[in-house]
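Trainee: I have a structure open that I have never looked at before. Could you walk me through it, beginning with what I need to know before reading the strands?

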Amino acid sequence: MQPTSPFWYDRPALRWADGIPVGNGRLGAMLWGPPEVQRFSLNEDTFWSGPPTAEPPAVPAGLLADVRADLRAGRHVAAGERLKAAQGRGAEAFQPIGDLVLRISGGAEGGSLWRELDLRAGVARQLACGVAHEVCADTATGLLLIRLRTGHPAGLDAALSWRTPQLRSRVRALGSDALALLLTAPSHVGDDARRRPVVEHGDPAMAAAALARVRCEGGDVMVDGDRLRLRGVRACTVLVDVRTGFAGRDRTPGGDPEECLGRAARAIEAAQDRPWAELLDAHTAAHRALMDRVRLRLHDLPEPAPAPRDAQPHNTPAPLDVRLRASAAGDGPRDEQLAPLLFDFGRYLLLACSRPGTQAAHLQGLWNDSVTPPWHCDYTVNINTQMNYWPAESTALPECHEPLIDLVADLAAAGTGVARGLYGTDGWTCHHNTDLWRATWPVGEGNDDPMWSSWPLAGAWLCLHLAEHWRYGRDARFLRERAWPVAAGAARFLLGLLTEDADGHLATAPATSPENRFATADGPASVDLSTAMDLTLARELFGFLTESAADAGPAADPALLADIAAALPRLRPLAVGSRGELLEWHTERTETEPHHRHVSHLVGLYPGSALAEPRLRAAARRSLDLRGDEGTGWSTAWKIGLWARLGDGAAAHRLLGVMLRPVGSDEEGGGVYPSLLCAHPPFQIDGNFGATAAIAELLLQSHTDVLDLLPALPPAWPAGEVTGLRARGAVTVERLAWSGGTLGSATLRAERATAVTVRWPGGTRTLALPAGAPYVLRP
């Protein structure tokens, strides 16, 4: 058994963040540990801290009017202080279940060590201490499947045990071949500065149970205290499941771990008699069918450095961590084949952490090992949650978009009370953060700067994901029944929020540009009369409802459309500053952090499309130059997409080099860990998804009425091909090939007959595409 994937290593993962993630949308595991102690760190997507419901904060009468009066008088700091009265509790925290630990006590000493992730098969493999591992998280059975085998004459001696950071836990054997971990409640919520045990505060306790059952071939398995002992085993299959007491966002969770254990046991029983080969083949076929929808290959490039001959065949690339370091060192040509690997990894991760019927991907997707994770491992909906889903439509994984669409629908229902109570408007709103329980109010508990909380446009931005799902697939029923009603509610809130400024324009006061501040005579401030981000999102949302009204049919509200038509021309125009930059605030302000990681004012360039005027696009380019290349991992990914929309493949390629910079510790700047997971740092998964989407934007864009082929092809990629990318209008580019930096051919397929204008470097043509049949374009 040898590694066959370029995603491989010849050393163990000694940190959780350096491990290999697997997942089926609901159940996830991170594989890591020294050779003799393998850890499978488990997560289940509904195991969160906190109560299922909480009342929005009580808001002092007249608060909104007082804040607006402060802003009109130039008292920005005072307005921010006043807004703190609207803050409620912070978001709850996504919680770890614990680790299934395999401790090998018998087998080959030393010998070969390697591990790999087969992205296309969805299988992690490892050879350590003479024991071969195969691991996958299967969607059909819902289980984590682990296969262990050894060629050692004496077989495998090992122990399986549970370890958990949760305070209320116990381990129990079921028969002679199964071990359960029972959890009474998540242990903590809050950040490192404000920890509080949930169970001490009387909050509803969500139970959970994890179960591992071992099926041996040769040898014995037995209970030995709080672990399972394997002796003389030639091969075995371990079937693992986790179930929680989650019953819905507004229902009290179940508090009985035994009931959770019963559900896990039944799921394992349904699969335990199936042969390993059958389970693996079914999983691989289902996973590969989705991964193989899109393939990206770069040609005519220097080959990556080969692995040592004694470890691998001479034509296999070196281990991934070695390649990352060598490529970033700058001693030779950059390893361009890392970009397709990063692209594939993003699609793999989306399949692993977001499937129909599961919870949406959060800040770390589906994975977390801490009871007090960074930023609560929540849904940060001022950019990060949205970025998670940027590649869903363009890279042909629209079903992976469904959990986010479900989350937005939940927020639309949950956010009406905050819209009415805090802003006195119809419709619904959501602010910076939400969680499993769908909190929609400003977080902060009265202590945080408004730049972290008082931004009510998250609902408007999230609705644009519903718009994109419709634009790519043109599903009229989805538009009528889901997208239009939810987006209409967000638009009603926006219309109620808008207020007239001194120039007679409509503005969104009080307005923030997420997580950024500007200088005033009274000190740094974060609240203004309007921001470019707010005004752009308003235009994007109103534009979607107007664009789709005819197709929405009876779902379209004529009165709402009339209000939108009246408001659109009155929205405050975006402006250009004295340095030629796009202004982020209501008027020209002095930035407190000129190189701030957020580029919120450019949202209309990417992922939006409202920033179309040449003068404003030039200002956006200037803003990117002023912000600079350095930033967190996810910020770098966003900038790659922005440069792609500007048609600057060389600049995007430069930022890809920053994105692929290896990060060895959380004290370093942004990039990727040896695992290729995005380093904020610490780990945030949004950068992985943002980079995948941005690479697709280099090759295909469809956000205008023109389908652009190779709009920002990096000069360093002279030849290649990509298959399966999707364009808006229900068109798939089944194959796009280029050589010498120019288009070779493109094969397009439309779901329904349509006319489309196609543009490529050096040419434009209007095509009549038939329904369901390929059309080959040759320049």
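Mentor: Let us begin with a term: two strands count as paired if DSSP finds at least two bridges between them. Please also keep in mind that this is a predicted model.

Trainee: What do strand 34 and strand 35 form, and how many residues are between them?

Mentor: They form a hairpin with 2 residues between them, and G762, which is in the turn, has a positive phi of about 100 degrees.

Trainee: Switching to rings now. How many aromatic pairs does the structure hold?

Mentor: There are 14 aromatic pairs in the structure. In one of them, F246 and W437 have ring centres 5.7 Å apart and planes at 55 degrees, so this pair is tilted.

Trainee: Where do F246 and W437 lie?

Mentor: F246 lies in the loop between strand 18 (235–244) and helix 3 (257–269), while W437 lies in the loop between strand 21 (433–434) and helix 11 (458–473), so the pair ties together parts that are 191 residues apart in sequence. F246 is partly exposed, at a relative accessible area of 23%, whereas W437 counts as buried at 4% relative accessibility.

Trainee: And how about W634 and W638, what kind of aromatic pair do they form?

Mentor: W634 and W638 form a tilted pair, at 6.5 Å centre to centre and with 35 degrees between the planes. They are 4 residues apart in helix 16 (residues 633–645), so about one helical turn separates them. Both W634 and W638 are buried, and together with W390, W461 and Y606 they form one aromatic cluster.

Trainee: Which ring has R474 over its face?

Mentor: R474 lies over the face of W470, at 4.2 Å from the ring centre. Another such case is R589, which lies over the face of F518 at 5.1 Å from the ring centre.

Trainee: I also clicked on H465; is it buried or exposed?

Mentor: H465 counts as buried, because its relative accessibility is 7%, and it lies in helix 11. If neighbours within four places in sequence are left aside, H465 is in contact with Q386, Y389, W390, H401 and L404. Y389 is 76 residues away from H465 along the chain, yet their C-alpha atoms are separated by 8.1 Å. As for Q386, its backbone oxygen lies 3.4 Å from a polar atom of the H465 side chain.

Trainee: One more residue: where is T429 found?

Mentor: T429 is found in the loop between helix 10 (416–423) and strand 21, and it is buried, with a relative accessible area of 1%. The side chain of T429 reaches the backbone oxygen of P456 at 2.8 Å. Not counting residues up to four places away in sequence, T429 touches G415, V418, A419, Y423, T440, P456 and F493.

Trainee: Last topic, then: how many residues does the largest nonpolar core have?

Mentor: The largest nonpolar core has 220 residues, and those with the most contacts inside it are L144, W461, W638, L676, L699 and L709. L699, for example, touches a list of residues including L296, D708, L709 and W738, when residues up to four places away in sequence are not counted.

Note on methods. Residues numbered from 1 in each chain as written. Predicted model: local features only at pLDDT ≥ 70, side-chain atom pairs only at ≥ 80, totals over all residues. Heavy atoms only, no water. Phe/Tyr/Trp six-rings, centres within 6.5 Å; stacked < 30°, edge-to-face > 60°. Buried < 20%, exposed > 50% of the residue type's maximum accessible area, 1.4 Å probe, protein only. Lys NZ or Arg CZ within 6 Å of the ring centre and 35° of its normal. Contact = heavy atoms within 4.5 Å. Polar contact = N/O pair within 3.5 Å; in protein donor to acceptor, adjacent residues only side chain to side chain. Core = buried A, V, L, I, M, F, W, Y, C linked by side-chain atoms within 4.5 Å.
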